Amino acid sequence: MGMSVTISAARAQDAEQILKLQYLCYQAEAELYGDYGIEPLTQSLDDLRAEIDQGHALVARLGDEVIASVRGRVDEEGTARIAKLIVHPRMQRHGLGGRLLDAIEKGFASEPAAKRFQLFTGHRSESNLRLYRSRGYVQVSSEQVGPRLTLVTLQKEAVAREFVASA
């Protein structure tokens, strides 16, 4: 009998598992761009805890193991900045990244300040770009941040939820 994956809010005690997973997941990105000094690989546990405390963070669990995570926060202009969507390599290509992205968007949609969703990835990260585009994100800018890396920023508008009272 198999276990099912559950998605829930990240807890303070999840930070260490998230950081280890983040380190594992970003190895492929670092190799792709030839840069092992990227921020997800150098982030401290304290910095990650602060991100969780100051924003919105979700984890996907298989039993007690954190197998995926995403986090972000809404800025003063109403942009929900989504970051560090990670899925354990053995769990990739099963729709979990899309489920997490949908879940964090839904969480931000309940905040009146969230007018749009924005995220970024590297220009060579084809699977990331494919996922984001399949969820309605469009490229709004790109910025060369190193000799081998151009960050692509994608965005989509939050859908206003209207409630109709029944008569």
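Mentor: Buried means under 20% relative accessible area. Exposed means over 50%, and partly exposed is in between. Keep in mind that this is a predicted model.

Trainee: Are Lys 156 and Glu 105 buried or exposed?
Mentor: The cut-off for burial is under 20% relative accessible area. Lys 156 and Glu 105 both fall into that class. The word for both is buried.

Trainee: In the salt bridge of Lys 156 and Glu 105, what is the N to O distance?
Mentor: The two side chains meet in a salt bridge. Lys 156 sits in strand β7 (residues 150-157) and Glu 105 in helix α4 (residues 96-109). The pair links distant parts of the chain, 51 residues apart. From N to O, the distance is 3.1 Å.

Trainee: How many salt bridges does a search of the whole structure find?
Mentor: The pair of Lys 156 and Glu 105 is a salt bridge. Asp 14 with Arg 61 is another salt bridge. Searching the whole structure gives a total of 11.

Trainee: Asp 14 and Arg 61 form a salt bridge, so how many residues apart in sequence are the parts it ties together?
Mentor: The closest N and O atoms of Asp 14 and Arg 61 are 2.7 Å apart. Asp 14 lies in the loop between β1 (5-9) and α1 (15-33), and Arg 61 lies in strand β2 (residues 56-62). Both residues are buried. Because of those places, the pair ties together parts whose separation in sequence is 47 residues.

Trainee: With which residue does Lys 84 form a salt bridge?
Mentor: Look for the closest N and O atoms, 2.9 Å apart. Lys 84 is in strand β4 and its partner is in helix α2 (residues 39-42), so the pair ties together parts 45 residues apart in sequence. The partner is Glu 39.

Trainee: Does Glu 39 count as buried, partly exposed or exposed? Which one is it?
Mentor: Buried needs a value under 20%, and exposed needs one over 50%. Glu 39 has 39% relative accessibility. Lys 84, by contrast, has 12% and counts as buried. At its own value, Glu 39 is therefore partly exposed.

Trainee: Which residues are linked with Glu 39 in a network of salt bridges?
Mentor: One member is already known, as Lys 84 forms a salt bridge with Glu 39. The network also takes in a further Glu and an Arg. Linked with Glu 39 are Glu 51, Arg 71 and Lys 84.

Trainee: What is phi of Lys 84 near?
Mentor: Lys 84 is in strand β4. Its phi is positive, in a residue other than glycine. The value is near 50°.

Trainee: Where is Arg 93, which has a positive phi?
Mentor: Arg 93 is not a glycine, yet its phi is about 70°. Its relative accessible area is 68%, so it is exposed. Its place is the loop between β4 and α4.

Trainee: With which side chain does the side chain of Asp 75 make a polar contact?
Mentor: Asp 75 is in the loop between β3 (65-74) and β4 (79-87). It is buried, at 15% relative accessible area. A polar atom of its side chain also lies 2.9 Å from the backbone nitrogen of Thr 79. The side-chain partner, at 2.9 Å, is Arg 81.

Trainee: What is the volume of the largest pocket?
Mentor: Its lining has 44 residues, and those closest to its centre include Tyr 26 and Leu 85. Among the elements giving two or more residues to the lining are α1, α2 and β5 (116-122). By class, 24 lining residues are nonpolar, 12 polar and eight charged. The volume is about 1,200 Å³.

Trainee: Which element gives the most to the largest nonpolar core?
Mentor: This core has 25 residues, and Ile 82, Leu 96, Leu 101 and Tyr 137 touch the most other members. Elements supplying at least two residues include β2, β3 and β7. With five residues, the top giver is α4.

Trainee: How far apart in space are Arg 99 and Ala 60, C-alpha to C-alpha?
Mentor: Arg 99 lies in helix α4. It is partly exposed, at 41% relative accessible area. In sequence, Arg 99 and Ala 60 are 39 residues apart. In space, the separation is 9.3 Å.

Note on methods. Residues are numbered from 1 along each chain as its sequence is written. This is a predicted model: local features need pLDDT of at least 70, side-chain atom pairs count only at pLDDT 80 or more; totals for chains, interfaces and linings use all residues. Side-chain values use heavy atoms; hydrogens and water are left out. Helices (H or I, at least four residues) and strands (E, at least two) are DSSP runs, numbered from the N terminus. Buried means under 20% relative accessible area, exposed over 50%, partly exposed in between (1.4 Å probe, protein chains only). A polar contact is a pair of N or O atoms within 3.5 Å; within protein, one must be able to donate a hydrogen and the other to accept it, and residues adjacent in sequence count only if both atoms are side-chain atoms. A salt bridge is a side-chain nitrogen of Lys or Arg within 4 Å of a carboxyl oxygen of Asp or Glu. On a 1 Å grid over the protein atoms alone, a cavity is a set of points where a 1.4 Å probe fits but cannot get out, and a pocket is an open set with protein on both sides within 12 Å along at least five of seven lines; lining residues have an atom within 4 Å of a point. Grid points are joined across faces, edges and corners, and a volume is the space filled by probe spheres set on the points. Ala, Val, Leu, Ile, Met, Phe, Trp, Tyr, Cys and Pro count as nonpolar, Asp, Glu, Lys and Arg as charged, and the others, Gly among them, as polar. A nonpolar core is a set of buried Ala, Val, Leu, Ile, Met, Phe, Trp, Tyr and Cys residues joined through side-chain atoms within 4.5 Å.
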